[in-house]
Amino acid sequence: MAKAINNIRPVYQPGFAASPPIDQTGVEERASRFTKRSIKKESKTNGLKLVLNMIDLTTLEGKDTVGKVKQLCYKAMHPHDALEGLPTVAAVCVYPSMVKVAAKALEGSGIRVASVATAFPSGQAPRDVKLRDTRMAVNDGADEIDMVISRGKFHEGEYNYVFDEIAAIKEACGDARLKVILETGELGTFDKVRRASDIAMHAGADFIKTSTGKIQPAATMPVTLVMLEAIRDFYYNTGKMVGMKPAGGISKSKLALHYLVMVKEVLGDAWLNNEWFRFGASSLANDVLMQLVKEKTGAYQSAPYFSVD
Amino acid sequence: MPVLKTYKIYIGGQFPRTESGRYYSPVNKRGQKLANVCLCSRKDLRDAVVSARGAAGGWSGRAAFNRSQILYRMAEMLEGRRAQFLDELQQMDYSAASAEEEINLSIDRLIYYAGWCDKYQQLFSSVNPVGSPHFNFSVPEPTGVVAAIAPQQSALLGLVSIMAPIIAGGNTLVIMASENKPLAAVTFAEVLHSSDLPGGVVNILTGKPGEILSWMADHMDINAVVYTEKDETAKKLLREKSAGNLKRVHFYDQTDWKTDKAESPYFILDCQEIKTTWHPVENNAGSGGGY
């Protein structure tokens, strides 16, 4: 880390061929250490509330209806009214066709509307289609855009294409914050994850995000660690903060708390809020709520007593 | 120098150690340590209930006949391990003859409930006369996730007698083995494991019921509790705390699990809910018209 500080160049030139190689075993070992922290009682309650406040409550299905999106927005604003003093979630994440519905439902609540765009989840569409997809979502009221990178081009070594595409989408976003989905499950190696992270951040990403949730494996702690370290190095080199969003496969509170520990120990407190860290999830919210009620009442909880997500 | 075997628990079709890392060593009447046995904590109960809930949909959805086949297979597997059970029961103060009897009755009991799997529905269902144009019928459905404390004095037969009717009825189960006689219960988990019983349908914990009882009664995701001891304080606690989610509480006065009274389809009925359906009927031919 110290070395990176000393190496700040006057004008930072991204060299994607020079993304550092990743020590897979080391990363996995390090990531497993974060799961050994014991977080109990009050810290646990506070941690769980923070997790809830960082969730992008998500529904991305072909069968989504206006009713489903409205119901999800209601849940975003009222996670569990029986329990007082709960924060809301950070955002509701939907397909572009549902942005209008979500924006209307969430009006005045402070909860942001996130929309996937750019031919999510495959990204296999011409660039002008992706740009129109993005503009439509932004015009309809999306505060945040979750784009996917062109993994095919990335594997072909067309890094400039990937870079230019992200930059073009960023421009189309206007004031909306851009989250760039790397789809790490399709990238294959940590080296490629690191390189894709570097490309995305230099091209203007406000957030980098692991996965669409449609491909397995989705978010894992090691892959998130690689991305967090890329964010850290980028910060040291440029002074710019970039957010992180692991998505897919994080459905248990305990795991979410492990992620918070990792963020704190890699990036620090500045990232421990929903401006800079998000969970892309749907079922995580209910598990967090069940744990919070358990902390309060002392009784283990049952899913049917919580709203459908 | 002999090293005592560490008996592990059975959760979700796997044999983990207790998450607490604790153990205890029950002793028989001759003062011999039986084994090192997991001293389960509330978190093992929590994990077991998660497994039981996960398995509930699949198990209750199985064809009744298939459940019957699996119970029958359990009996066969138990028969195949007779020698090991004989040995363990005798370590736990059974005479050779009473150990033999315990095993035989356990096998018989499994076969008895295997037979009932696809028959209790007919016995407990009814078509009800109603004064409106409805076909009205009531059928039993499994209660859901059941938690039980196995009888303390009967190492194998007690556990089998409590378990069999609960799972025959399509419920899933978390059961705590006899505190001082746990060996046969843990070995029985190995029988379950080789009987095509899906993981999570039966989960077996070991340890001190006194530590777990309150968490069991409080647990919102347990739908019924079965308790067979005479401890009135424990019963009161179970009755009161179970009100939290209106779970069913069943106390059995049975002490002798060897008699015919210890087996009955009414044990199955205890962990069933009766669902009544009103199905409109129309007599098209008679009325000369439809809707």
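Me: Is B:Glu101 buried or exposed, or something in between?
Reply: B:Glu101 is partly exposed, with a relative accessible area of 35%, where buried means under 20% relative accessible area, exposed over 50% and partly exposed in between, using a 1.4 Å probe and protein chains only. This is a predicted model, in which local features need pLDDT of at least 70 and side-chain atom pairs count only at pLDDT 80 or more, while totals for chains, interfaces and linings use all residues. Residues are numbered from 1 along each chain as its sequence is written, chains are lettered from A and ligands numbered from 1 in the order in which they are written, and side-chain values use heavy atoms, with hydrogens and water left out.

Me: Which residue does B:Glu101 form a salt bridge with?
Reply: The partner is B:Lys258, and the closest N and O atoms of the two are 3.2 Å apart; a salt bridge here is a side-chain nitrogen of Lys or Arg within 4 Å of a carboxyl oxygen of Asp or Glu. The pair links distant parts of the chain, 157 residues apart, since B:Glu101 sits in helix α4 (residues 96–116) of chain B and B:Lys258 in the loop between β10 (248–251) and α10 (265–270) of chain B. Helices (H or I, at least four residues) and strands (E, at least two) are DSSP runs, numbered from the N terminus. B:Lys258 is partly exposed as well, at a relative accessible area of 32%.

Me: What about B:Arg46 and B:Asp47?
Reply: Their side chains meet in a salt bridge, 3.1 Å from N to O. B:Arg46 counts as partly exposed at 25% relative accessibility, and B:Asp47 is partly exposed with a relative accessible area of 30%.

Me: Which residues are linked in a network of salt bridges?
Reply: In chain A, such a network links A:Asp56, A:Glu144, A:Asp146, A:Lys179, A:Lys209, A:Lys245 and A:Arg278.

Me: Changing topic, where is A:Thr224 found, and what does it touch?
Reply: A:Thr224 is found in helix α10 (residues 221–238) of chain A, and it is buried, with a relative accessible area of 0%. Not counting residues up to four places away in sequence, A:Thr224 touches A:Thr210, A:Met244, A:Pro246, A:Tyr259 and A:Met262, a contact meaning heavy atoms within 4.5 Å.

Me: Back to chain B, what does its secondary structure come to?
Reply: Chain B has 11 helices and 11 strands, and its C-alpha trace spans about 90 × 40 × 30 Å along the principal axes. Of its 291 residues, 51% count as buried. Among contacts in chain B between residues at least 6 apart in sequence, 77% join residues at least 24 apart.

Me: And where is B:Lys236 found?
Reply: B:Lys236 is found in helix α9 (residues 232–241) of chain B and is partly exposed, with a relative accessible area of 48%. The C-alpha atoms of B:Lys236 and B:Trp278 are separated by 38 Å, the two residues being 42 apart along the chain.
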